[in-house]
Amino acid sequence: MKRLIERSRSVGEVLRWVTQNPGKVSASHYPIALHKLGQLLQQQPGPPVGAGDGRGPAGQVLEQPEFHVLCQAIVSGCAKFDNFSIVNCLYAAAALGLPGESPLVRVLEDESRSRLGRFNQKDVSMVFSSEANNKALEAIFSSQLFYENRQERFIRSMAEWLPRKAENLTPYTMALIAKYVARHRLREPRLLDTIANFLLKRGEQLDSKVIQKLVFPFSRMNYRPSNHGELFPKLEAILEQKAGSSPLATVNILMSMFQLSHFPQTVLHQVFSPGFITNVMSSPYALIVRRYLSLLDAAVELEFREYSGPRLDPRYRVLMFEHALTADEANRKYSYKGLVAEALRQLVGEECYRQDEVLPPGYCTDFLLWINRSGTVLPLSRVPAASRAPPAASPVAVSLRSSVLALTSDLQDFAPVVLSVNDKWHYCQNSDILVGSRAMRDRHLRLLGYCLVQLPYTELEKVSGIEEAKHYLRQKL
């Protein structure tokens with residue numbers, strides 16, 4: 001049966017072999033049939049397979065009665081399939097372009113989700129390690145089930161063979177891989193360097209929106225690729241040519257480079273130019289670009305002091321963030337912040353600290369305190385109002401350098417302290433390296449004159465109860 005399916009020359013022939021011989025069809029034959037259908041459809045003219053919109057070849061297959069019989073057979077029997085057949089059917093269905101809401105895909109994903117704890121390296125990577133081609137990888141990384149769950153063993157395996165196959169991949173597939181790596185904070189140097197080499201070789205042919213997706217994992221993982229000496233100047237040259245074609249992508253790429261402490265001067269001249277500003281301020285994404293430009297402008301003042309080009313007009317400066325990050329809000333129940341808050345309240349009293357204070361240029365801090373030279377935490381009433389951070393709602397119209405001077409001039413009397421609760425998601429996976437945005441925030445807070453006290457989750461998870469937490473904070477302060 002396997003040989004007959006593989007030798008079929010038409011969609012109808014595949015469907016006839018499978019549906020008219022149910023007694024001879026086993027679980028392993030179904031993914032073979034789905035893969036063969038995908039191959040045959042790929043050879044037909046029309047929209048590419050994988051669109052899943054019902055208008056292309058995949059949509060034509062969905063309309064055939066024999067295909068419904070095939071799908072029903074898989075739906076009815078998949079609970080008895082082995083893991084290999086389940087995974088292979090799921091990714092074959094994705095490669096075929098079946099919509100995610102189809103009964104076949106839903107049942108396969110539900111069955112896979114229920115078995116996720118039993119899936120091993122062989123179940124996932126054996127299917128594709130011998131044919132890790134563009135279509136197979138696209139199917140894997142397009143799967144919502146795979147995307148939502150961290151497959152570290154598969155990623156480590158892929159890091160071995162991806163460098164050899166990368167030049168045959170499409171930018172779309174490489175961007176999917178980069179998105180997955182960034183989402184799960186996988187600081188795997190071989191994968192990141194493969195993405196960087198792909199970008200170095202193909203950068204001129206890519207538009208800014210694709211480049212931003214490929215660059216983002218580097219800043220997300222706070223990782224300078226091994227070829228950064230060649231890659232960063234090349235990215236600068238590309239941005240010089242394409243800065244105006246996709247302003248939001250340009251600003252995103254700049255942000256990634258800034259997080260890695262690389263400051264492309266010529267591109268900054270463009271994005272802070274009146275023409276660029278006028279263009280983005282009349283666009284639908286004006287607010288988000290203003291936020292990014294405001295942070296970039298602050299970073300220039302704090303970290304790129306030799307820059308002498310145009311700057312962001314003070315009228316357009318806003319806070320980058322007005323409240324805690326979405327990830328922090330979503331993971332609040334897993335955070336150690338509540339434990340620290342209660343221990344701090346009992347240790348120094350509510351009148352001696354602020355929680356969730358947003359400091360210019362828009363960084364949300366966990367706890368803000370003021371400490372004098374003897375190490376005593378001061379009540380807010382004893383801190384001069386001029387030295388306190390401006391309220392979060394006010395525009396960032398004053399010079400950050402003035403803020404630094406205002407703070408440091410009073411350091412002989414007291415120092416502003418930021419207690420930073422660094423939970424697990426603030427670090428790269430299985431690492432003590434902070435993600436790039438968090439690392440840049442810390443750099444900037446120090447440059448603004450704040451003393452930063454880190455409370456990493458690796459220390460907090462060893463603390464048991466409020467009394468131990470109070471002892472821990474007393475030592476830290």
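I start with helix α23, where the buried residues are Gly436, Arg438, Ala439, Met440, Arg441, Asp442, His444 and Leu445. Buried here means under 20% relative accessible area, exposed means over 50%, and partly exposed is in between, with a 1.4 Å probe and protein chains only. Helices are DSSP runs of H or I with at least four residues, strands are runs of E with at least two, and both are numbered from the N terminus.

This is a predicted model, in which local features need pLDDT of at least 70 and side-chain atom pairs count only at pLDDT 80 or more, while totals for chains, interfaces and linings use all residues. Residues are numbered from 1 along each chain as its sequence is written, and side-chain values use heavy atoms, with hydrogens and water left out.

Back to α23. This helix has twelve residues and reaches 17 Å from its first C-alpha to its last, close to the 16 Å expected at 1.5 Å a residue. The expected span is 1.5 Å times one less than the number of residues. Just after α23, glycine 449 takes a positive phi of about 105 degrees.

Now the totals. The protein has 25 helices and six strands. Of its 477 residues, 53% count as buried. Among contacts with a separation of 6 or more, 74% are between residues 24 or more positions apart; contact means heavy atoms within 4.5 Å.

Next, helix α14, residues 208-220.

The buried residues of α14 are Ser208, Val210, Ile211, Gln212, Leu214, Val215, Pro217, Phe218 and Ser219. What covers them includes α12 (171-183), α13 (189-202), α15 (228-242), α16 (247-259) and α23 (436-447). So much for the cover as a list; two residues give the detail.

Glutamine 212 belongs to α14. Leaving aside neighbours within four places in sequence, glutamine 212 is in contact with Leu248, Ala249, Asn252 and Ile253.

Isoleucine 253 counts as buried because its relative accessibility is 0%. Which residues does isoleucine 253 contact, leaving aside neighbours within four places in sequence? They are Ser208, Ile211, Gln212 and Leu239. Isoleucine 253 and lysine 213 are 40 residues apart in sequence, and their C-alpha atoms are 8.6 Å apart.

Valine 289 is in helix α19, residues 286-303. At 0% relative accessibility, valine 289 also counts as buried. Not counting residues up to four places away in sequence, valine 289 touches Leu248, Val251 and Val280. Between valine 289 and proline 247, 42 residues apart along the chain, the C-alpha separation is 8.2 Å.

Helix α3 (residues 29-42) and helix α5 (residues 65-77) pack at about 145 degrees, with axes 11 Å apart. Axes are lines fitted to C-alpha atoms, for helices over the stretch in contact, and angles run from 0 to 180 degrees between N-to-C directions. The contact is made by Tyr30, Leu34 and Leu37 of α3 and Phe67, Leu70, Ala73 and Ile74 of α5. By class this contact has seven nonpolar, no polar and no charged residues; Ala, Val, Leu, Ile, Met, Phe, Trp, Tyr, Cys and Pro count as nonpolar, Asp, Glu, Lys and Arg as charged, and the others, Gly among them, as polar.

Last, the backbone. Most residues other than glycine have a negative phi, and most peptide bonds are trans. Serine 261, in the loop between α16 and α17 (265-271), has a positive phi of about 60 degrees. Serine 261 is partly exposed, at 34% relative accessibility. Asparagine 430 has a positive phi of about 55 degrees and lies in the loop between β5 (414-422) and α23. Is asparagine 430 buried or exposed? At 60% relative accessibility, asparagine 430 counts as exposed.

The peptide bond from proline 360 to proline 361 is cis, with omega near 10 degrees. Proline 361 is in the loop between β2 (358-359) and β3 (363-364).
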